[in-house]
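Here are some brief notes on charged pairs, for reading alongside the model. Please keep the structure open as you go through the points.

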Amino acid sequence: NYGNEIIRQSINSIEFKKLNFSYSNLKNRKNLSNINFKINRGESVGLIGESGSGKSTLLNVLTGFYKHKTGNLFINGKKIEQININDFRKKISYIPQSPELFNDTILNNLLVGMNNKVDKKKILDVLNDCFCDFIYDLPKKLDNIVGDRGMLLSGGQRQRLVIARAILNRSELIILDEATNGLDENSEMKIKETLIKFKKNTMQIVCSHRISTIENTDKLLYLENGKLIKFGKTKILLNDSKIKKFFNKN
């Protein structure tokens, strides 16, 4: 069980220290072995590795869905076992490759999970910052229905909308899991520019096989067979032969 200590401050640091995780009965799932790295508020981190390298496992351990076996995971210097996991998760936004929206208005989709009323001007400001200007071309603007799973919007529009929701919800850790796969170059560029705008007050983890998606991140994590093979500044590691080989294959 996780502790009840509420995180009263922002998420300022996350640290994996000699962390190990293993599945008890799923032989085809990747374990994690001796994971060591630290990321801080205001940093963006690219998470890369072949399919099955342990990326999803690492994210599930980070968000508290899997409990590690040995080693430690620290949030703001406290072991994750000490903190209230629900309180921690409220500070996280997870954005997958195909985010699903409710068959409701744009406004109601933006306000999902929010207890406090949000000023309409604030909503419009965030939408503009997230390049969601497409709403002004819709007949009913914020009151436009997005369709089942948001299918009346393009993939890029859905992604920008859920990022706007994360910003409105004051998420402090934003995880993008292959979020730009399948998007055109223009949509991907707008998403990257949005993330840069809000980087100062967030911590971002960008999981991708595409160099264009992670090239502007501050740090790079490279997993291979559940082991952390490379961790450092992205600009430096992009010149590493092993990293180059990975992106050439993908």
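1. This predicted model contains 12 salt bridges. Three of them are taken up below, namely Lys249 with Glu50, Lys121 with Asp125, and Lys192 with Glu215.

2. Start with Lys249 and Glu50. Their closest N and O atoms are 3.4 Å apart.

3. How accessible are the two partners? Lys249 has 59% relative accessibility and is exposed. Glu50, at 28%, is partly exposed.

4. Next, Lys121 and Asp125. The salt bridge brings their closest N and O atoms to 2.9 Å. Both residues lie in helix 4 (residues 120-129). They are four residues apart, about one turn of the helix.

5. On accessibility, Lys121 is exposed because its value, 54%, is over the 50% cut-off. Asp125 counts as partly exposed at 33%.

6. The side chains of Lys192 and Glu215 also form a salt bridge, with an N to O distance of 3.5 Å. This pair links distant parts of the chain, 23 residues apart. Lys192 is in helix 6 (residues 185-197). Glu215 is in the loop between helix 7 (211-214) and strand 9 (219-224).

7. Is Lys192 buried or exposed? Its relative accessible area is 15%, under the 20% limit, so Lys192 is buried.

Notes:
Residues are numbered from 1 along each chain as its sequence is written. This is a predicted model: local features need pLDDT of at least 70, side-chain atom pairs count only at pLDDT 80 or more; totals for chains, interfaces and linings use all residues. Side-chain values use heavy atoms; hydrogens and water are left out. A salt bridge is a side-chain nitrogen of Lys or Arg within 4 Å of a carboxyl oxygen of Asp or Glu. Buried means under 20% relative accessible area, exposed over 50%, partly exposed in between (1.4 Å probe, protein chains only). Helices (H or I, at least four residues) and strands (E, at least two) are DSSP runs, numbered from the N terminus.
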